[in-house]
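Visitor: I am new to this structure. Please take one part of it and go through that part closely, then show me what lies around it.

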Amino acid sequence: MDIDRTRVGPITSRWARVALVAVPLLFLGYFFVYPLVSITWRGIAPDGVPQLGVLTEVFRDPALRSIAWFTTWQAAVSTAVTVLVGLPAAWAFARFSFPGKRVLEAVTLVPFVLPTLVVGTAFLALAGPRGALGVDLTGTAALIIIAHVFYNYAIVVRGVGSFWATLPPDITEAATTLGASRWTVFRTVTLPMLRPAIASSAALVFLFSFTSFGVVLLLGDLNSTTIEVEIWRQATAFLRIDIAATLAVLQLLGVAAILTLYGRFQRRTAVAFRHRAAPLPRPIGRTQWAAVGLALGSMVAVIGIPLGLLVVRSLVEPNGGIGFDNYRAIAELSASSGAFIDPVLAIRNSLVFAVVAMTIAVVIGSVASAALSYTSRRVASAFDTFVMLPLGTSAVTIGFGFLIALDWPFDLRASVALIPIAHALIAIPFVVRTTTPTMSSIDNSLRAAATTLGASPGIVWRTIDLPIIARVAAVSGAFAFAISMGEFGATAFITRPDTPTIPIAIFRLLGQPGGTPFGAAIAMSVVLMMITAGAIVAIESFRTGRRDAW
Amino acid sequence: MVSLSVSDLIVRAGRPVGTPPVLHIPHLEIDDRQRVAVMGPSGSGKSTLLRAIAGIMPYSGSISILGRVVDDLPPHRRRVGFMFQDFALFPHMDVGQNVAYGLRIAGADQAHQRDEIERLLDLVGLDGFGGRRIDNLSGGEQQRVALARTLAVDPDVLLLDEPLGSLDVALRESLLDEIRHIVEQLETTTIYVTHDRTEAFGFAERIIVLEDGAVTADGTPSDLWSQPPSASVARLVGHRNIIDATAIGLGHEGQVVVPASSIVVTEPDEGRLVGHVTDCTFDDGVYLVELRLGTETAAARLVARSTSRITPGSAVGVTFDESRTTRI
């Protein structure tokens, strides 16, 4: 008999490993897979028997056909423009160091974490019926595309930039010494090497533009709209659950196709170059400084102008003066019994939901990360795909699924708990993505080292694993908090009149006539923006001191 | 006094019964305060031996440390100091916290921890580094922190697993001397695992050679050099001329080891043998001359030393000191 006192890994018992997989599996199984299956069944068999009637109706309806077409082409154009606009900043971040780089990197995160409703409101404040430009551009594809570019900019800058930084500069220098001009080097060497990173970022941008909800709901109209918005409209305004379900199934198929492409490109970026990161140089000479400045300046402009304008607009009072009337309106609307929107209650709800959602997401997500890190590779890879699924599924589909499916075994549909659960579901993939690399990077030799220094298994867990994980768990918690604060698509389905969240209140305020509700909506958006900005600051400060970039 | 004794040690590491184990050592004793190097090619079981002693690898058989059987003790009660090749420094702690980790676990008070951090960092030449972050240290500095951390718990046996393996050559020599001086000073029994013979020779009073999971040589560095028990051990300790006795005209069969320093290259007609130079390189102050010997019965290659450069292709005479050859 071998004496085995030697498992220095943190999870030694077989049952513990089974539990690690089972907990997230059950949660996602009930709150994600089961609703999706229910939607699909509703779409295929509205009356309990599979039939093609609704599908034919959907395909024959010229309005729905044009919505499908609009959804696709605006997503394609949004993607192309986002990549083009994002590449220069990706280059500047990947190749140079410069003063204020950390701050600018944090700035790129802002739009991505920003709630869609804030983005929508910001562009309404710019080019809506009451906008600063004085021209109403709502309903135009251009405004939707610009908002999508703004929203997804960070994906390209971060996704391509971080990959670009791993490409050894020697390769391009080698091409130069072989006689290639700078443009030829870019075209024949850099661009082909970047292709998988560009493709995977583009797939994500396409996915988010394809399933865009809040932005399109605010900036589009009945024709310039996405399938996502139409699902919601069919289900809640026209009460055509069958059409909504069919649309959701069709959209799911599209999403699955995009995610397959994404996965393929993503794997290729994983075959990365092992490049010891030498300290990046400062830009050299006037031309490089100008190019870097231009790339980053345009980035700051793209991100800063709409948000700055939103803040400025929040200080313009309905009567035209400058002051805090719009913020006062938040409190006054809550106080007046006539108004059926209570913004203060919405803020309180949002904070409570966000804390609950964050807790659920961090617990379930960390358990899932532990399962990914501590189980066999075969189990882990299948499980990884499963845990990531909610990332690709549109928020509206998740909310719609809750509404259709969660009356079994208990009727949960009226429960307030559904809102934070939906938010947690959306946040879990982010938590897993943030915590897994750190958890699996804790080398067994660290645990063995602690053991030989006299630490028992329990102490090893407490002094080595836990402190290292705690920091990323905090980062992922802040992410989950921000996601919950801004979540709109799923909440729009499952909220009740007496449980508004901030985005729901903003949306309702925008639907009311008059300058006061509009001003209050803008002010609420600024409040929401500040809360999410606070989360980003928290994330960045937790991250300080970590060696590996996210 | 015996510090460490191993008997009937078998490590299977997942290999099925019936196939050769990863490591099999019927008997091994290491004296108190001895500096031992365990040497062998990669995969020979060197690290496995250390891991079994530390208890972080399952084994059958028996291991005693300072006369105490440790087989039933979990690794954290064995009082061994283990230094890992990649140093395994805790990234979430600063230098001082790393060094004091073992003391903190043992419940030492703050003041004692502080004193020990200062004493140990001073010992490894890093005084004032206590508050530094781990990721700002150079490789050599990380190595010293790892050593200080290991020494902090005053281990009964010090186990060093390729301690210089991830450092560049220039650093290795100076650090090797430093480690040796420190363990000499502390009089700690030390087992140093390496695949590099210069490290083994530079560190140890006794060298144990492991090949395919078994001890194939065990002795002082000079014994192993002058009396290698096999061709592979001869190669491991740095011999380059392991050739058929008949090829150099010795009166017996079998293989012999001829130290390069025992060979003298002369004018073609003055030597005992005739050879052709195939290559000539300069290293460590002398020319290394590669020769091809041709006799009626066999052909062989030899490496000899020369104070002057000899053009490849030329014919030379070769003489050697027969008393310094070893039959294996």
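**Salt bridges of chain B and their setting**

Guide: In this predicted model, a network of salt bridges links Arg35(B), Asp177(B), Arg180(B) and Glu184(B). One pair in it is Glu184(B) with Arg180(B), whose closest N and O atoms are 4.0 Å apart. The cut-off for a salt bridge is within 4 Å. Both residues lie in helix α5 of chain B, and because they are 4 residues apart there, about one helical turn separates them. Glu184(B) has a relative accessible area of 37%, so Glu184(B) is partly exposed.

Helix α5 of chain B, residues 169-186, also holds Glu178(B). The side chain of Glu178(B) meets that of Arg144(B) in a salt bridge, at 3.1 Å from N to O. Arg144(B) sits in helix α4 of chain B, so this pair ties together parts that are 34 residues apart in sequence. Buried here means under 20%.

Over all chains the count is 20 salt bridges. One of them is in chain A, where the side chains of Asp242(A) and Arg240(A) meet at 3.1 Å, N to O. Asp242(A) counts as partly exposed at 21% relative accessibility, and Arg240(A) counts as partly exposed at 27%.

Between chain B and chain A, however, the count is 0 salt bridges. Residue pairs in polar contact between the two chains number 3, with both residues at pLDDT 80 or more. The most comes from α2(B), with 4 residues. By class, that side of chain B has 19 nonpolar, 7 polar and 8 charged residues.

The contact as a whole takes 34 residues from chain B and 28 residues from chain A. The area buried between them is about 2,500 Å², and carbon and sulfur atoms give 66% of that area. His76(B), His92(B) and Tyr101(B) supply 21% of the area that chain B buries against chain A, more than any other three residues.

Next come the nonpolar cores. The largest has 205 residues, and those with the most contacts inside it are Phe400(A), Phe402(A), Ile464(A), Leu9(B) and Ile63(B). Helix α6 of chain A, residues 141-166, gives the most to this core, with 16 residues. Leaving out residues up to four places away in sequence, Phe400(A) touches several others, among them Ile39(A), Ile231(A), Ala248(A) and Phe493(A). A second, separate core has 43 residues, including Met83(B), Leu137(B), Ala146(B) and Leu167(B).

Chain B as a whole has 8 helices and 18 strands. Of its 328 residues, 52% count as buried. The C-alpha trace of chain B spans about 80 × 50 × 35 Å along its principal axes. Among contacts in chain B with a separation of 6 or more, 63% are between residues 24 or more positions apart.

Key: Residues are numbered from 1 along each chain as its sequence is written. Chains are lettered from A and ligands numbered from 1 in the order in which they are written. This is a predicted model: local features need pLDDT of at least 70, side-chain atom pairs count only at pLDDT 80 or more; totals for chains, interfaces and linings use all residues. Side-chain values use heavy atoms; hydrogens and water are left out. Contact means heavy atoms within 4.5 Å. Buried area is the accessible area (1.4 Å probe) that two parts lose on being put together, summed over both. A polar contact is a pair of N or O atoms within 3.5 Å; within protein, one must be able to donate a hydrogen and the other to accept it, and residues adjacent in sequence count only if both atoms are side-chain atoms. Helices (H or I, at least four residues) and strands (E, at least two) are DSSP runs, numbered from the N terminus. Ala, Val, Leu, Ile, Met, Phe, Trp, Tyr, Cys and Pro count as nonpolar, Asp, Glu, Lys and Arg as charged, and the others, Gly among them, as polar. A nonpolar core is a set of buried Ala, Val, Leu, Ile, Met, Phe, Trp, Tyr and Cys residues joined through side-chain atoms within 4.5 Å. Buried means under 20% relative accessible area, exposed over 50%, partly exposed in between (1.4 Å probe, protein chains only).
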